[in-house]
Amino acid sequence: MSHLKNVTDATFEQEVLNSDKPVIVDFWAEWCAPCRAVGPVLEQIAGENADKVVIVKLNVDENPETAAKYRITSIPAMKVYQGGEVVKSVIGAKPKPALESELAAFLA
Amino acid sequence: MRQMIIIGSGPAGYTAAIYAARAELKPLLIASAVEAGGELMNTTEVENFPGFPEGIMGPDLMERMREQAERFGTEIVYDDVASVDFSGTVKKVTLGSGETHEALSVIVSTGSAYRKLGLAEEDLLSGYGVSWCATCDGAFFRKQEIAVVGGGDSAMEEANFLTRFADKVYIVHRRDSFRASKIMQQRTLDNPKIEPVWNTEVASIAGTPESGVTGVTLRDTTSGAERELPLTGLFVAIGNDPRVHLFHGQLDLTEEGTIAVTGRSSHTSAEGVFAAGDVIDPTYRQAITAAASGTVAALDAEHYLATLPEDLLRVAIGEEEQGTAPAAGSTVDPAGELVPQN
């Protein structure tokens, strides 16, 4: 099971948009095989960078409002929020080194 | 050092692993970090794999193959290969983690990757309405009008799957008939939500990451006439290209871009390196043909190993300890922390 915190339509503003630290949101669903593959990779990255960035998950089936607001049409989608704005989007499951290099600005 | 490394975890890789493990070759299978299980992980019902008369979900089939490979002692690493060195008798395979594994034989079963349309807007709009995975992204197109590009079984399967969500699914195809199997063609043509658009290709895609895909420009392949079609999603299913980027300069390729093998065997241009599955097959590309091809590679590799000097084999089997690479499958993660087992 995932050790990453789940956010919802109800908690998104508080947990993500109002966060002091950059927040990476992993938009996922149960039925998405690549999402299941990328989950453990994000857990590792979260564990190794706990002081710099927060990584949370949002289930798109249970939270359609937020998924629609951010026009999610492909999952896994990982969006980085800083100061309430999307500053980076990564689409699709990628191996750890590739994800780390895409997210390097927020992990350094 | 080991006797065998298998690169890839689709039907070819896992079947090779089942045979090699039963021959007590203790194979190490490099499964990939996020694509383990290969192409079938992104499919739904598989109806043409013998032994499953009621059909089986693609991911379930791959899970069963993995279990069967592990049952006989295959060791699996969930990482990607960064580079290979096939020049010597001892083959070297380096992973994304930096770890290098050595073996006397390697089976390459890296499969194939989705082919792109080759349009400038395609990458920009990937994830914003352009997709290669109906099972991943279909649910975001509820009550919308979308299109699938392609004419093979994958395109038919995607289009039919997408009608669970979309109001209308166009299938844009360059020719005047599909090349898919008859049963899939019939199912597609009988589906009231699907409309084929014959003799047509996608000339360009309209939209931005902010707006998402808003439409496509279609070009008639016979007359060249162009027209606009408003859409919110475009699913690309025009085929696959063999995944050979790791092997350029080390293995000979065919004109079609697949790894060249000798006759009906799995022997590549490098001694001790064998290839199986979609990466050698420009024609059939089925789960069952890939699995059969994995069998061929495992048997060829087994015969090859039997021709090697005994002292080399003893090192590979582990009877003689000698400067080996770090063992895989350790319970300690790369950061040196124990992974919780609950």
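# Close-up views of a predicted model

View 1. The model is a predicted one, in which local features need a pLDDT of at least 70 and side-chain atom pairs count only at pLDDT 80 or more, while totals for chains, interfaces and linings use all residues; side-chain values use heavy atoms, leaving out hydrogens and water. Residues are numbered from 1 along each chain as its sequence is written, and chains are lettered from A and ligands numbered from 1 in the order in which they are written. B:E201 belongs to strand β14 (residues 200–208) and B:R219 to strand β15 (residues 212–220) of chain B, so the bridge ties together parts 18 residues apart in sequence. Strands (E, at least two residues) and helices (H or I, at least four) are DSSP runs, numbered from the N terminus.

**View 2. B:E75 and B:R2 joined by a salt bridge.** The N to O distance of this pair is 3.2 Å. B:E75 lies in strand β5 (residues 75–77) of chain B and B:R2 in strand β1 (residues 2–7) of chain B, so the pair ties together parts that are 73 residues apart in sequence. At 26% relative accessibility B:E75 is partly exposed, whereas B:R2, at 17%, counts as buried.

**View 3. Salt bridges in chain A.** Over all chains, the structure holds 19 salt bridges. One of them joins A:K5 to A:E15, with the closest N and O atoms 3.1 Å apart. Because A:K5 lies in strand β1 (residues 5–6) and A:E15 in helix α1 (residues 12–17) of chain A, the pair ties together parts 10 residues apart in sequence. A:K5 is partly exposed at 46% relative accessibility, and A:E15 is partly exposed at 27%. Elsewhere, A:E48, A:K96 and A:E100 are linked in a network of salt bridges.

View 4. B:V172 counts as buried because its relative accessibility is 2%. Not counting residues up to four places away in sequence, B:V172 touches several residues, including B:A147, B:V149, B:V197, B:E201 and B:L218; contact means heavy atoms within 4.5 Å. By contrast, B:F86 is 86 residues from B:V172 in sequence and 43 Å from it in space, C-alpha to C-alpha.

**View 5. Helix α5 of chain B, mostly covered.** This helix runs over residues 153–162, and seven of its 10 residues are buried. Among the buried residues are B:A155, B:M156, B:E158 and B:F161. The buried residues pack against α4, β11 (145–149), β12, α6 (182–189), β13 (194–197) and β17 (233–236) of chain B.

**View 6. The interface of chain B and chain A.** The contact takes 20 residues from chain B and 19 residues from chain A. The two chains bury about 1,600 Å² between them, 61% of it on carbon and sulfur atoms; buried area is the accessible area (1.4 Å probe) that two parts lose on being put together, summed over both. In chain B, the residues losing the most area to chain A are B:V34, B:Y128 and B:F140, together 35% of what that side buries. Zero salt bridges are found across this interface. Five residue pairs are in polar contact, both residues at pLDDT 80 or more. A polar contact is a pair of N or O atoms within 3.5 Å; within protein, one must be able to donate a hydrogen and the other to accept it, and residues adjacent in sequence count only if both atoms are side-chain atoms. On the side of chain B that touches chain A, β10 (130–131) and α4 (134–137) each supply at least two residues. The largest share of that side, three residues, comes from α4(B).

**View 7. Confidence in chain B.** The average pLDDT of chain B is 91, and 93% of the residues score at least 70; pLDDT is the predictor's confidence in each residue, from 0 to 100. Over residues 322–342 of chain B the pLDDT is below 50, and this stretch has 19 contacts in the model beyond near neighbours in sequence. For the complex, the predictor gives an ipTM of 0.76 and a pTM of 0.80.

Note on methods: A salt bridge is a side-chain nitrogen of Lys or Arg within 4 Å of a carboxyl oxygen of Asp or Glu. Buried means under 20% relative accessible area, exposed over 50%, partly exposed in between (1.4 Å probe, protein chains only).
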